[in-house]
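Hi,

Here is the structure I said I would pass on. Have a look at it first, and then read my notes below.

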Amino acid sequence: MGFRRPPFSPDFIFLFPNHICRPALWKLCQRREISSWLARWFPKDPAKPVVAQKTPIRLELVAGKTYRWCVCGRSKKQPFCDGSHFFQHTGLWPLKFKAQETRTVALCTCKATQRPPYCDGTHKSEQVQKAEVGTPL
């Protein structure tokens, strides 16, 4: 019979985008105790990112190197991910990107940029400046 795409379910698509599985695994995923365990670790409604700092971090990116920018704001290694999103059950994931050229850039740490992972000056806004570090906007 081979592999086939399971029926569309918001839970399944959220957890396993573009995933193909056997029907037996699909039935296992639907079991109540499995889905409640998954819901704790992978919430449907992700937490809001928190303001890590109110100024960007300038650093040199190396051409061809892959980076993982912290989206949640909870990483202790800003602006990069240290896995805090997973252990704090945020439902957020780091933004993985590859530097196209070696250059110095400003990476956002307020997490409100419209051009992630790069700073667009949003940290200068009144909303970000009034926010406490460690709180969502």
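Which residues in the largest nonpolar core touch the most other members? Before the answer, one caveat: this is a predicted model. The core has 15 residues, and those touching the most other members are Leu-59, Leu-61, Tyr-67, Trp-69, Phe-97, Leu-107 and Cys-110. At least two core residues come from each of strand 1, strand 2 (66-69) and strand 4 (103-107). Strand 1 gives the largest share, with three residues.

Setting aside residues up to four places away in sequence, Leu-107 touches Pro-56, Ile-57, Leu-59, Trp-69, Pro-79, Phe-80, Pro-117, Tyr-118 and Cys-119.

Then go to Thr-109, in the loop between strand 4 and helix 5 (126-130). Is it buried or exposed? Thr-109 has a relative accessible area of 1%, so it is buried. A polar atom of its side chain sits 2.4 Å from the backbone oxygen of Thr-55. Thr-55 is also among the contacts of Thr-109 beyond four places in sequence, and the others are Val-51, Ala-52, Gln-53, Lys-54, Pro-56, Ile-57, Gln-78 and Pro-79.

You will find Val-50 in the loop between helix 3 (32-41) and strand 1 (57-61). Val-50 counts as buried because its relative accessibility is 6%. Apart from residues up to four places away in sequence, Val-50 touches Cys-72, Gly-73, Arg-74, Cys-110, Lys-111, Gly-134, Thr-135 and Pro-136. One of these, Cys-110, is also on the list of core residues that touch the most other members. Val-50 and Ala-112 are 62 residues apart in sequence, yet their C-alpha atoms are 9.1 Å apart in space.

Now the cysteines. How many disulfides are there? The count comes to zero. Take Cys-72, one of the residues Val-50 touches: the closest cysteine sulfur, in Cys-70, is 3.8 Å from its own, so the two are too far apart for a bond. Cys-72 is buried, at 3% relative accessible area. Cys-108 is in no disulfide either, with the sulfur of Cys-110 as the nearest cysteine sulfur, 3.6 Å away. Cys-108 also counts as buried, since its relative accessibility is 3%.

That's what I have for now.

Cheers

Notes
Residues numbered from 1 in each chain as written. Predicted model: local features only at pLDDT ≥ 70, side-chain atom pairs only at ≥ 80, totals over all residues. Heavy atoms only, no water. Helix = DSSP H or I, 4+ residues; strand = E, 2+ residues; numbered from the N terminus. Buried < 20%, exposed > 50% of the residue type's maximum accessible area, 1.4 Å probe, protein only. Contact = heavy atoms within 4.5 Å. Core = buried A, V, L, I, M, F, W, Y, C linked by side-chain atoms within 4.5 Å. Polar contact = N/O pair within 3.5 Å; in protein donor to acceptor, adjacent residues only side chain to side chain. Disulfide = S-S within 2.5 Å.
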